[in-house]
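Work through the exercises below with the sequence and the model open. Each task is followed by a solution in steps.

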Amino acid sequence: RKKSRGEEERDQRRQEEGAMVSTTTTNDTDESVAKLSSKLLEGWTMLSETCPRPKCSVPLMRSRDNAEISCVQCDTRFGEDLKPLKPVSHLEKLVGLDKPLKSSET
């Protein structure tokens, strides 16, 4: 069966849209893979759970000292229950309030 002109135009639009989506996805994927690789080289552990935020399905990472769980794509930090934590301000990071106290420090 020969396609109508409308069907050919629709198929062409779908191919173009698919190409645009896959290019964006490929760039995002490459960046996420680079960030994941960097964390692994720093001694972080890749978890089997993925980021629960919408449109972000990157595996979560746990720091070497088990003090942090985060997503490298959206920079969200999570608690042990995998619920997002409140964002940490730049000042809190500077004074070290972005890390939980160890039991010997309490």
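**Exercise 1. Surface and fold**

What does the accessible surface of the protein come to, and what percentage of it belongs to carbon and sulfur atoms?

Solution. The model is a predicted one. Its accessible surface comes to about 8,300 Å², and carbon and sulfur atoms account for 53% of that area. Turning to burial, 22% of the 106 residues are buried. The secondary structure consists of 2 helices and 4 strands, arranged along the sequence as α-β-β-β-β-α. For contacts between residues at least 6 apart in sequence, 16% join residues at least 24 apart.

**Exercise 2. A salt bridge within a helix**

Find the salt bridge between glutamate 31 and lysine 35, and state where the two residues lie and how accessible they are.

Solution. Step one is the distance: the two side chains meet at 3.3 Å, N to O, which is within the 4 Å cut-off for a salt bridge. Step two is the location: both residues belong to helix H1, residues 5–41, and are 4 residues apart, about one turn of the helix. Step three is accessibility. Glutamate 31 has 47% relative accessibility and so counts as partly exposed; lysine 35, at 30%, also counts as partly exposed.

**Exercise 3. A salt bridge between a strand and a loop**

Which parts of the protein does the pair arginine 62 and glutamate 80 tie together?

Solution. The side chains of arginine 62 and glutamate 80 form a salt bridge at 3.1 Å, N to O. Arginine 62 lies in strand S2 (residues 59–62), and glutamate 80 in the loop between strand S4 (77–78) and helix H2 (90–94), so the pair ties together parts that are 18 residues apart in sequence. Glutamate 80 has 59% relative accessibility and therefore counts as exposed.

**Exercise 4. Buried or exposed?**

Classify glutamate 68 and arginine 77 as buried or exposed.

Solution. Their side chains meet in a salt bridge of 3.8 Å, N to O. The cut-off for buried is under 20% relative accessible area. Glutamate 68 has a value of 14% and so counts as buried. Arginine 77, with 19%, is buried too. The structure holds 3 salt bridges.

**Exercise 5. Rings**

How many aromatic pairs does a search of the whole structure find, and over which ring does the charged end of lysine 39 sit?

Solution. The search of the whole structure gives 0 aromatic pairs. The charged end of lysine 39 sits over the ring of tryptophan 44, at 4.1 Å from the ring centre.

Methods. Residues are numbered from 1 along each chain as its sequence is written. This is a predicted model: local features need pLDDT of at least 70, side-chain atom pairs count only at pLDDT 80 or more; totals for chains, interfaces and linings use all residues. Side-chain values use heavy atoms; hydrogens and water are left out. Buried means under 20% relative accessible area, exposed over 50%, partly exposed in between (1.4 Å probe, protein chains only). Rings of Phe, Tyr and Trp (its six-membered ring) pair if their centres lie within 6.5 Å; planes under 30 degrees apart count as stacked, over 60 as edge-to-face and the rest as tilted. A charge sits over a ring if NZ of Lys or CZ of Arg is within 6 Å of the ring centre and within 35 degrees of the ring normal. Contact means heavy atoms within 4.5 Å. Accessible areas come from the Shrake-Rupley method with a 1.4 Å probe; for residues, only the protein chains shown count as cover.
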